[in-house]
Amino acid sequence: MRLLALASLFVMTLHAIEPYGIPDPMVMEDGTPVREAAQWPACKAETMRLFEKFVHGKSPELPPWDQCRAETLLEKEAFGGKGLLREVVIHFPPAGTPPVYLLIAIPKAGQPVPSFVGLNFVGNHAASPDPSVRLSDVWIPSPNPGVVDNKATEAARGTDAASWPFELAVERGYAMATLFHGDLDPDRPDWQEGVHAAFFAPGQTQPGEGEWAAVGAWAWGLRIAASYLMAQPELDPKRVCLMGHSRNGKTALWAGAQDERFALVVSNQSGCGGAALSRAGRGEQLAHINTRFPHWFVPRFHAYNGKENELPLDQHQLLALIAPRPLLVCSAEEDLWADPQGEFESCVAAAPVYRLLGTDGFAATAMPPLNHLVNSQIGYHIRPGKHEVTAADWKVFFDFADARLPKTKSE
Ligand code: GTR
């Protein structure tokens, strides 16, 4: 029976951790327990289908990179000569899909470097104050600084730069790439702009039952961006990492689950529908998220509003889909809406899969002190403060990546 509470395990070792009757991530749908690593691929495939069916929908196949086309719009020396700032536009099939724009800081290293890629909330021009970065022309939510009638103006430049410390990345030896989720799909219940419409059958106006929603489309864009990064000689294709904050953190987890090419995943305050257990019942609940953001997840997920206990999955299984690759879950003390405790418990509950696959799993049995990195293959960090991503957070991401990625390309 899949809904085996992990109670006995937790009660013995983790007094602070609740199991809530969450599904056992290592029991097959027919009740077969997963006891060996060789059984995991089949269990993983079942879990993936559950997330497709109940949460994200199924995304189209990723277009092969040789069917995509990247054009460099900007390339200049930057960061006091320590690196390059580049912006590219990526066109991809099918015909009619809008392109995505990727802004990248690349250290001058003389050897292929690891990279991070993440979605931004308000356009590349907001991530960097550099006036040569292209001003986005797609729909952007208002109110946002410098956004007038849902369009970016010059006043929007650099307004989100605190979330994207490019120079720090370059100094730490990482490339940092970002793209606007609105290039893939506007963050509103609209299916005409963005990538969905290009896949509609004649007469279709919204995704059908089981088809991808907004988070699925955003995750698809991250994967296309990864294909670009992996094709660049300056970047190590084996060390492309994902970072996402909040709704973009939910998206990073889904992209990382689907695409094993990502070497490492960071979820920053991803909360409900991200790292936090839905059954924990704190902070944002399914009824909140599905009402305010009806386009993020598939309609079947909405059917569980107020009925989280009936979901045939919980979010620790999304974390387990990333195993055995390094995964860092970050919370903020004041961000109770994202339920730090539920994010931590999710790590605990995903750890058996990580251990099954030969890693050190998760090295904490109770919530760690503030500003302490739990440095195991599932990492965890909680800091004081509120819901945001800062340069101090990025330092933790780089510390974790330094510890968990191979050191050089040849390793
Ligand atoms: C909130 C939403 C969260 C989170 C956040 C964000 O309003 O309730 O799930 O995604 O937005 O993306 O900043």
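**Around the ligand and in the cavities**

Tutor: Keep in mind that this is a predicted model. In it, an N or O atom in the side chain of Glu-284 lies 2.5 Å from an oxygen atom of the ligand.

Student: OK, and how much of the ligand does the protein bury?

Tutor: The protein buries 87% of the 320 Å² that the ligand exposes when taken alone.

Student: Who else is around the ligand?

Tutor: Among them are Phe-121, Arg-247, Ile-289, Arg-292, Phe-293, Trp-296, Trp-337 and His-387. By class, the shell has five nonpolar, two polar and four charged residues.

Student: Which helices supply at least two residues of that shell?

Tutor: That would be α7 (247-258) and α8 (286-292).

Student: And what sort of space does the ligand take up?

Tutor: The ligand takes up the largest pocket.

Student: What lines the largest cavity?

Tutor: Its lining includes Cys-272, Leu-277, Arg-282, Gln-285 and Asp-339. Glu-284 is in that lining too, and Glu-284 is also one of the residues around the ligand.

Student: And the second largest cavity, what lines that?

Tutor: Glu-87, Tyr-101, Gly-123, Asn-124, Arg-134, Ser-136, Phe-180 and Asp-183. By class that lining has two nonpolar, three polar and three charged residues.

Conventions. Residues are numbered from 1 along each chain as its sequence is written. This is a predicted model: local features need pLDDT of at least 70, side-chain atom pairs count only at pLDDT 80 or more; totals for chains, interfaces and linings use all residues. Side-chain values use heavy atoms; hydrogens and water are left out. A residue is near a molecule or strand if one of its heavy atoms lies within 4 Å of it. A polar contact is a pair of N or O atoms within 3.5 Å; within protein, one must be able to donate a hydrogen and the other to accept it, and residues adjacent in sequence count only if both atoms are side-chain atoms. Accessible areas come from the Shrake-Rupley method with a 1.4 Å probe; for residues, only the protein chains shown count as cover. On a 1 Å grid over the protein atoms alone, a cavity is a set of points where a 1.4 Å probe fits but cannot get out, and a pocket is an open set with protein on both sides within 12 Å along at least five of seven lines; lining residues have an atom within 4 Å of a point. A molecule sits in a cavity or pocket if more than half of its atoms lie within 2 Å of its grid points. Helices (H or I, at least four residues) and strands (E, at least two) are DSSP runs, numbered from the N terminus. Ala, Val, Leu, Ile, Met, Phe, Trp, Tyr, Cys and Pro count as nonpolar, Asp, Glu, Lys and Arg as charged, and the others, Gly among them, as polar.
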